[in-house]
Amino acid sequence: SKDPEELINYLTDVEKFNLKGTGDISFHLGSDYSRDEDGTLRYEPKKYLERVLSSFKQIYGEYPTRAQSPLEKNDHPELDTSELLDVAETRHYQSLIGSLQWAVQIGRFDIATAVMTMSRFRAAPRKGHMQRVHRIFGYLRRFDKSAIRVRTDPPDLSDYPDKVYDWENTCYKGAKEIIPENLPRALGKSVVSTHYVDANLLHDMVSGKAVTGTLHFFNQTPVDWTSKLQPTVETATYGSEFVAARICTDQIIELRNTLRYLGVPVEKSVMFGDNKSVVDSSSLPHGKLTKRHHILAFHRCREAIAAGIMQFHHIDGKVNPADIVSKHWDKPSIWETLKPILFWYGDPGELKGAIAKFLSWVSRRE
């Protein structure tokens with residue numbers, strides 16, 4: 001309906017229906033919805049975390065010890081050789097992992113890599129694994145006031161001007177984005193999407209696999225994230241970063257089409273990575289590939305860029321927010337990046353750092 005309030009009034013006053021949940025949204029699927037003092041809509045898993053921490057206390061008799069990070073920096077739980085848990089403890093482990101996985105789904109992407117890592121041991125967890133899961137709960141207890149704020153202002157990309165290259169003399173000549181024909185008419189404000197990607201080489205020292213981490217924004221709002229082991233073993237950072245870039249490219253195409261099917265005007269999409277060799281190999285028409293087993297990822301990224309689907313820019317690894325979902329980190333190394341996204345209300349531009357500038361209220365101040 002173009003006028004939902006008129007429809008609701010008709011159903012309640014004329015048809016005498018007793019409707020529920022017709023006011024402003026306040027709770028949905030474990031997330032509390034409210035507004036900051038400046039009117040910014042936010043959602044946070046406050047009640048959900050209270051409930052899972054209360055359940056933790058019922059099981060163990062006390063709350064978990066507060067922790068500064070989900071896991072210790074550069075931790076490798078796959079090398080743990082402590083005693084296996086018994087059947088009852090294994091069930092507790094599986095239940096705790098399930099609770100953490102839902103917390104990731106409703107906004108706590110800062111624990112995504114830790115939960116992904118610990119989820120792999122659900123069939124036969126060890127005592128050391130259980131201690132690590134307790135630490136994740138301790139981190140959530142320590143940092144329980146996170147919120148994703150729906151900031152609709154366009155991001156500040158002034159430091160990253162558009163790249164314009166001539167692809168006519170390449171195999172990508174004539175490449176263009178395939179746009180579905182059955183789309184609704186686009187209405188409202190357009191969306192600029194930004195996407196951060198990173199890979200953590202040799203994340204798993206048993207299998208040798210790296211981790212892909214992606215973090216996606218619509219305007220200034222984080223909307224999707226991924227932390228997952230790569231399907232193949234890569235022997236160098238270049239290879240793992242290219243695999244991650246290809247995965248992120250596929251996700252960008254999917255998200256752009258999702259917006260279109262929702263009737264949202266789509267502007268440009270910009271992907272950021274911290275491996276300059278991968279960025280240059282993808283973005284420059286004369287870029288070459290010296291390792292043939294990366295050829296499909298190479299062409300996938302380059303074709304998307306040549307077709308105008310996205311741009312690919314280099315960003316300093318120290319300020320890449322994809323590190324949040326690709327590595328086991330400590331607070332000092334990540335807080336300047338994490339705080340503006342999850343733990344700050346008001347204008348993030350008041351903080352220091354590249355991500356704070358990206359989220360700053362430039363358009364509001366103008």
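Strand 2 (residues 31-35) and strand 3 (residues 41-44) run antiparallel and are joined by 4 bridges. This is a predicted model, in which local features need pLDDT of at least 70, side-chain atom pairs count only at pLDDT 80 or more, and totals for chains, interfaces and linings use all residues. Residues are numbered from 1 along each chain as its sequence is written, and side-chain values use heavy atoms, without hydrogens and water. Helices (H or I, at least four residues) and strands (E, at least two) are DSSP runs, numbered from the N terminus.

**Strand pairing**
- Two strands pair if DSSP finds at least two bridges between them.
- Tyr33 has Tyr43 in strand 3 as its bridge partner.
- Between strand 2 and strand 3, which form a hairpin, there are 5 residues; in this turn, Gly39 has a positive phi of about 95 degrees.
- Strand 3 also pairs with strand 4, in the antiparallel sense over 2 bridges, and Arg42 has Arg149 in strand 4 as its bridge partner.

**Ser282 in helix 7**
- Ser282 belongs to helix 7 (residues 276-283).
- Ser282 counts as buried because its relative accessibility is 0%; buried means under 20% relative accessible area, exposed over 50%, and partly exposed in between (1.4 Å probe, protein chains only).
- The Ser282 side chain reaches the backbone oxygen of Val278 at 2.9 Å.
- Beyond neighbours within four places in sequence, Ser282 is in contact (heavy atoms within 4.5 Å) with residues including Trp167, Phe242 and Phe312.

**Helix 9**
- The buried residues of helix 9 are Ile334, Thr337, Leu338, Pro340, Ile341 and Leu342.
- Their cover includes helix 5 (127-142), strand 6 (211-218) and helix 10 (354-358).

Note on methods. A polar contact is a pair of N or O atoms within 3.5 Å; within protein, one must be able to donate a hydrogen and the other to accept it, and residues adjacent in sequence count only if both atoms are side-chain atoms.
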